[in-house]
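Hi,

Here is the structure I promised to send over. Have a look at it first, and then read my notes below.

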Amino acid sequence: MFSSNPSPEARAAGIRKIVYLQEEVLLENGTAPAVPALKATAAAVVANPWLGTGPDTDLSEQAKLIAPQIARELTGRLLAGLGGAEAIEAFGKAAIVGTAGEIEHAGALIHTPYFGNLVREFLDGTSIICFADDRAEAGQPLVVPLWHKTQAATRSHYQTATARVADGPLPHEIVVIAAASTGPRPHARIGDRTTDRPVTAKILAGATA
Amino acid sequence: MNVRKIITLVEDTLTEGGRAVDPAARVAVVAAVIENPWHGQGFVEDLAPGIDATASDLGKLLAPRVVEALGAPVEAYGKAAIVGLDGEVEHGSALIHTLKFGDHFRIAAEATTLLPAVEKRAAAGTVFDIPLKHKTDATIRSHHQSIEVRLADAPHPGEIVIALAAAAQGRPQQRLASLSTEQ
């Protein structure tokens with residue numbers, strides 16, 4: 001699938017553990033999806049480089065050092081597991097900061113070009129990447145939103161993947177997650193912006209009068 | 001056999017106890033979420049027909065996948081059956097505690113020992129730990145380990161989660177003396 005050994009740069013970034021979770025849906029509501037999809041999350045557990053620093057601390061220097069290595073390592077696993085950038089249609093990202101950290105620390109590792117731009121580049125997308133972030137104890141699941149990597153408003157690709165690291169983040173760690181899917185929801189059939197009829201409270205009031 | 005989804009979990013440990021683990025230690029799990037073959041049938045006295053219809057196919061489905069996910073020779077292994085709330089623990093045990101199931105993994109892993117197992121009844125999203133032991137000598141203490149698994153939406157009440165786990169090595173910083181030193 002992919003090597004267990006990360007790059008020396010990824011090790012230098014302080015990664016303790018990498019957890020890859022992939023899901024293949026064969027039946028949904030008893031029926032095989034018309035478009036079968038693989039969905040995966042790759043999560044890196046890294047040491048929080050800003051532990052013990054105050055809210056006036058500049059986060060950019062460490063983000064610049066660490067985030068690109070995490071982006072490369074995580075997308076490498078998604079690409080290998082899901083069949084390459086051409087197979088991947090949707091993406092998302094997330095971070096969980098441990099309880100000794102600041103929520104801004106989670107944001108610093110995913111909401112800057114040092115992570116987001118590279119994930120987008122490696123997965124060959126153009127959309128803004130949707131996200132979730134949280135501060136939690138180890139073992140807390142996080143639902144990661146995904147949407148289409150080039151057409152973010154494509155409703156069929158609105159979906160989520162649940163990521164979880166059993167023993168992370170420790171209080172002094174941050175879990176950084178990249179997520180991707182090779183297709184839409186199993187039986188996507190709720191239309192799209194192009195097919196929606198106009199809906200307002202007034203229109204609905206008229207429809208039910 | 002109706003399989004709703006297949007989940008692959010690959011966990012690589014790069015450091016443990018503050019020290020590098022090099023090469024990284026890998027444990028892989030592949031789980032199938034299947035319809036409980038006895039769902040809705042009340043108390044079924046003879047489980048053999050259901051076992052015959054399901055267990056071997058399950059082993060055949062999961063064994064090559066977990067070996068591939070590990071990407072290295074298997075050194076330790078284990079298995080799991082998590083039965084949804086409408087079923088009996090015996091239903092899960094029926095599917096995994098048979099050579100028809102386990103031999104697929106034993107052959108793929110070139111293993112000889114019995115597979116350690118966890119089996120329980122639980123709601124979807126339950127956390128379970130799969131125990132692993134060395135594949136040819138279950139007394140090799142360095143390889144006693146477990147991996148924690150959680151599937152967000154399984155098992156449903158009428159389902160069973162069946163999983164295989166494989167490790168490419170013992171515990172990341174294993175340093176206990178062998179069992180024989182205590183004898």
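To start with the pairing between the chains: which residue in E1(B) is the bridge partner of A:Lys17? That partner is B:Thr13.

Some housekeeping before the rest. This is a predicted model, where local features need pLDDT of at least 70 and side-chain atom pairs count only at pLDDT 80 or more, while totals for chains, interfaces and linings use all residues. Residues are numbered from 1 along each chain as its sequence is written, and chains are lettered from A and ligands numbered from 1 in the order in which they are written. Helices (H or I, at least four residues) and strands (E, at least two) are DSSP runs, numbered from the N terminus.

On confidence, the model scores ipTM 0.96 and pTM 0.96. Chain B has an average pLDDT of 97, with 99% of the residues at 70 or above; pLDDT is the predictor's confidence in each residue, from 0 to 100.

**Where the chains meet**

The bridge I opened with belongs to an antiparallel pairing of strand E1 (residues 15–25) of chain A with E1(B), which has 9 bridges. Two strands pair if DSSP finds at least two bridges between them. Overall, the contact takes 22 residues from chain A and 23 from chain B, where two residues are in contact if their C-beta atoms, placed from the backbone, lie within 7 Å. On the chain B side, two or more residues come from each of strand E1 (3–16), strand E2 (19–35), helix H1 (48–70) and strand E6 (145–150). E1(B) gives the most, 13 residues. By type, that side of chain B splits into 10 nonpolar, 8 charged and 5 polar residues. For the classes, Ala, Val, Leu, Ile, Met, Phe, Trp, Tyr, Cys and Pro count as nonpolar, Asp, Glu, Lys and Arg as charged, and the others, Gly among them, as polar.

**Chain A as a whole**

Chain A has 5 helices and 7 strands, and its elements run α-β-β-α-β-α-α-β-β-β-β-α from the N terminus. Its radius of gyration (taken over C-alpha atoms) is 19 Å, close to the 17 Å from the globule rule (2.2 Å times the number of residues to the power 0.38) for 209 residues, so chain A is as compact as a globular protein of that length. Along the principal axes, its C-alpha atoms fill a box of roughly 60 × 40 × 30 Å. Of the 209 residues in chain A, 45% are buried. A residue is buried if 20 or more other C-beta atoms lie within 10 Å of its own, exposed if 12 or fewer, and partly exposed in between, with C-beta atoms placed from the backbone. Among contacts in chain A with a separation of 6 or more, 78% are between residues 24 or more positions apart.

**The core**

The largest nonpolar core has 108 residues; such a core is a set of buried Ala, Val, Leu, Ile, Met, Phe, Trp, Tyr and Cys residues joined through C-beta atoms within 7 Å. A:Leu109 and B:Ile162 have the most contacts inside it, and E2(B) supplies its largest share, 10 residues. Leaving aside neighbours within four places in sequence, B:Ile162 has contacts that include B:Ala31, B:Leu58, B:Leu95 and B:Ile96.

B:Ile96 also touches B:Ala117, and their C-alpha atoms are 8.5 Å apart across 21 residues of chain. B:Ala117 sits in strand E4 of chain B and counts as partly exposed because it has 18 C-beta neighbours inside 10 Å.

**Strands in chain B**

E5(B) (residues 127–134) pairs antiparallel with E3(B) (residues 76–83) over 2 bridges; B:Tyr77 has B:Lys133 as its partner there. E5(B) also runs antiparallel to E6(B), with 6 bridges, and B:Val127 is partnered by B:Arg150.

Two cis peptide bonds to look at:
- A:Gly168 to A:Pro169, omega about 0°, with the proline in the loop between E6 (159–163) and E7 (173–181) of chain A.
- B:Asp22 to B:Pro23, omega near 5°, with the proline in strand E2 of chain B.

There are also non-glycine residues with positive phi. A:Asp124 has phi near 60° and lies in the loop between H4 (116–122) and E4 (130–135) of chain A; with 14 C-beta neighbours inside 10 Å, A:Asp124 is partly exposed. B:Glu110 has phi of about 55° and lies in the loop between H3 (99–108) and E4 (117–121) of chain B; its 11 C-beta neighbours inside 10 Å make B:Glu110 exposed.

Cheers
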